[in-house]
Amino acid sequence: MSSNVIALNTTEPILTAITGGIGSGKSVVSRLLRILGYPVYDCDSRAKALMDVDETIKQHIICHIDSEAVGKDGTIDRRRLAATVFADAEKLALLNATVHASVKIDIMCWAKKCKCRHAFVETAILFQSGLNEIVTDEWRVDAPLEIRIERVMKRNSLSRAEVELRIAAQDYTLTPGTRIPPLREIINDGSQPLLPQIQQLLAFYTL
């Protein structure tokens, strides 16, 4: 067997991380994988769902990040919260530490229930979240910076400055000893079809 092939011979599914900076097209890759029949855990949407119901997270936001970001009815003002944390690296780290702990537990519970032998986890912050410790490998989706900025400005109705702040906030320097999963790349620049790239990567896995 080639050293590039990963054998799916465990009782729990192999977890592959789908990563890439904001606007790279991770969600498009995830959508194609779902169409092909693979389960995909969306860290962003699940984190938002967990934040909506987890009172510990809400209290952490009120006490340590922005007391006005959570309304009296418990609703999180996401636009205000984003503006706060993406302008303050320390507050972003505080928020991430709390939310990521809940997400990591949620992923492990989800993986145990998966019927498929190969599942995927979509995340923009693989190492910051500590998910590098539980995935087998990484599929990194990439696109030119200007394309990414334009995509996010259009999709999220954000200014260029707001998008650039979010991109900068995703920068991360690995510390010595960090586990780095094997990396495979997908180019999503609008000219190279995604499906053939995905199918080629799936060929690295065998039952």
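In strand β4, Glu122 is the bridge partner of Ile18. The model is predicted. Five bridges in total link β2 (residues 14-19) with β4 (residues 118-122), and these two strands run parallel. They belong to an open sheet of five strands.

**The sheet**
- The strand order is β3-β4-β2-β5-β6, with parallel pairing.
- β3 (40-42) and β6 (183-187) are the edge strands, each pairing on one side only.
- From one strand to the next, the twist averages 25 degrees.

**Helices on the sheet**
- Helix α2 (residues 43-53) packs on the sheet and touches β3 and β4. The direction of α2 makes about 50 degrees with that of β3.
- Helix α5 (residues 89-113) lies across β2, β3 and β4. The angle between α5 and β3 is about 160 degrees.

**The largest pocket**
- Its volume is about 1400 Å³.
- The lining of the largest pocket consists of 45 residues; Asp44, Lys48, Phe86, Ala124 and Gln170 lie nearest the centre.
- Elements giving two or more residues to this lining are α1 (26-35), α2, α4 (78-85), α5, α6 (145-156) and α7 (160-169).
- Helix α5 provides the largest share, eight residues.
- By class, 21 lining residues are nonpolar, twelve are polar and twelve are charged.

**The second largest pocket**
- This pocket has a volume of about 430 Å³.
- It is lined by 18 residues, and those nearest its centre are Gly20, Gly21, Ala124, Arg140 and Gln170.
- Strand β5 (residues 137-142) gives the largest share of this lining, four residues.
- The lining of the second largest pocket has eight nonpolar, five polar and five charged residues.

Technical notes:
Residues numbered from 1 in each chain as written. Predicted model: local features only at pLDDT ≥ 70, side-chain atom pairs only at ≥ 80, totals over all residues. Heavy atoms only, no water. Pairing = 2+ DSSP bridges. Axes fitted to C-alpha atoms, helices over the stretch in contact; angles between N-to-C directions. Contact = heavy atoms within 4.5 Å. 1 Å grid on protein atoms, 1.4 Å probe; cavity = no way out; pocket = protein on both sides within 12 Å on 5 of 7 lines; lining within 4 Å. Points joined across faces, edges and corners; volume = space filled by probe spheres on them. Nonpolar A, V, L, I, M, F, W, Y, C, P; charged D, E, K, R; others polar.
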